[in-house]
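User: I have this model open and would like to talk through how it is put together. Please answer in plain sentences and spell out any cut-offs as you go.

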Amino acid sequence: DPMEKMYRDFRPRPPWVRAILKGLIKAALWVLTDYAVEGEENIPKDGGFLVVANHFSFSDPVFFVDILPRQAEFMAGAAPLHAPGWVKLLPSLYGVIPVTRGGSSREALRIAEGVLKNGGIIGIFPEAGSWAQVLRPARPGTSFLASRASVPVLPVGIEGSYEIFPALKRFQRAKVRLKIGKPFGPYKAEGRGRERREQLDAISHDIMAHIAELIPPERRGSYSDDPA
């Protein structure tokens, strides 16, 4: 059974739990924000794929839950100390593949690779943290996973999520826009040593460049065409 094999080493929450959370998230987004999604037709209808996006706010993972029509798994580190309580609780309720920040993530990557190779969906933020509101270089985990699993990559641009909580404090609704790009890849990194590292660096750069195309120019940071 492919599904049984997929989750041999990782037990996600029951589908009904995730369905309830998805419904609550969808309702909250539409009530509390001025929310719009573009490019939903680009989401693959079957097969395994990797979803990647910019990460400017600790609320970003909820958008993955909202837009993906099939059950997906997410790689996530511990929520930042300044995040609201629900942000820290949600990963536990949904069930995520835990990543140790600053430590080894081999086990998490191995589980994620198994999910992808067996037709599942993995959501990941290549920057590995929401410490800025402009694009930063990707950490190596995303390119490693993309090359190992050899699956398509679906890019998503998230704009305005960092304004949600400041706007709510002013009794306003933040304008949040999601733009879903066309899938690209898959990738292969077949070299060894330095050659392989260079290949993975090139994959990381390409992934971030695809994300950059989906967000405003002033948010593209290291991937901007503007030298300033």
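User: How do H5 and H6 lie to each other?

Analyst: The axes of helix H5 (residues 106–117) and helix H6 (residues 140–149) cross at roughly 40° and come within 9 Å, and H5 and H6 are therefore oblique to each other. Here, under 35 degrees counts as roughly parallel, over 145 as roughly antiparallel, 65 to 115 as roughly perpendicular, and the rest as oblique. The axes are lines fitted to C-alpha atoms, for helices over the stretch in contact, with angles from 0 to 180 degrees between N-to-C directions. Helices (H or I, at least four residues) and strands (E, at least two) are DSSP runs, numbered from the N terminus.

User: Before we go on, what kind of model is this?

Analyst: This is a predicted model, in which local features need pLDDT of at least 70 and side-chain atom pairs count only at pLDDT 80 or more, while totals for chains, interfaces and linings use all residues. Residues are numbered from 1 along each chain as its sequence is written, and side-chain values use heavy atoms, with hydrogens and water left out.

User: Back to the helices: which hand does the crossing of H5 and H6 have, and which residues make the contact?

Analyst: The crossing of H5 and H6 is right-handed, meaning that the near helix is turned clockwise from the far one by less than a right angle, with anticlockwise for left-handed. On the H5 side the contact (heavy atoms within 4.5 Å) is made by Leu109, Ala112, Glu113, Leu116 and Lys117, and on the H6 side by Gly141, Phe144, Leu145, Arg148 and Ala149. These residues divide into 6 nonpolar, 1 polar and 3 charged, where Ala, Val, Leu, Ile, Met, Phe, Trp, Tyr, Cys and Pro count as nonpolar, Asp, Glu, Lys and Arg as charged, and the others, Gly among them, as polar.

User: Leu116 is in that list, so is it buried or exposed?

Analyst: Leu116, which lies in helix H5, counts as buried because its relative accessibility is 2%; buried means under 20% relative accessible area, exposed over 50%, and partly exposed in between, with a 1.4 Å probe and protein chains only. Not counting residues up to four places away in sequence, Leu116 touches Gly48, Phe49, Leu50, Ile121, Ile122, Leu145, Ala149 and Val151. Leu116 and Gly47 are 69 residues apart in sequence, while their C-alpha atoms are 8.3 Å apart in space.

User: And what does Ser147 contact?

Analyst: Ser147 sits in helix H6 and counts as buried at 5% relative accessibility. With neighbours within four places in sequence left aside, Ser147 is in contact with Tyr187, Lys188, Ala189, Arg196, Leu200 and Ile203.

User: Switching to the sheet, what is the strand order?

Analyst: The sheet is open and has 7 strands in the order S1-S7-S6-S2-S5-S3-S4, with mixed pairing. Strand S1 (33–38) and S4 are the edge strands, each pairing on one side only. Two strands pair if DSSP finds at least two bridges between them.

User: How many bridges join S3 to S5, and how many join S3 to S4?

Analyst: Strand S3 (residues 73–76) runs parallel to strand S5 (residues 121–124) and is joined to S5 by 2 bridges, with Phe74 opposite Gly123 in S5. S3 is also joined to strand S4 (residues 97–98) by 2 bridges, again parallel, and Met75 stands opposite Ile97 in S4.

User: Where do H5 and H6 sit on the sheet?

Analyst: H5 lies across S2, S3, S4 and S5 and runs at about 140° to S5. H6 packs on the sheet too, touching S2, S3, S5 and S6, and its direction makes about 160° with that of S2.

User: Last topic, the backbone: where is the cis peptide bond, and which phi value does Phe171 have?

Analyst: The cis peptide bond joins Gly185 and Pro186, with omega about 5°, and Pro186 is in the loop between strand S7 (174–180) and helix H8 (193–212). Phe171, although not a glycine, has a positive phi of about 60°; Phe171 lies in the loop between helix H7 (164–169) and S7 and is exposed, with a relative accessible area of 81%. Ser150, also other than glycine, has a positive phi near 50°, and Ser150 lies in the loop between H6 and S6. For context, most residues other than glycine have a negative phi, and most peptide bonds are trans.
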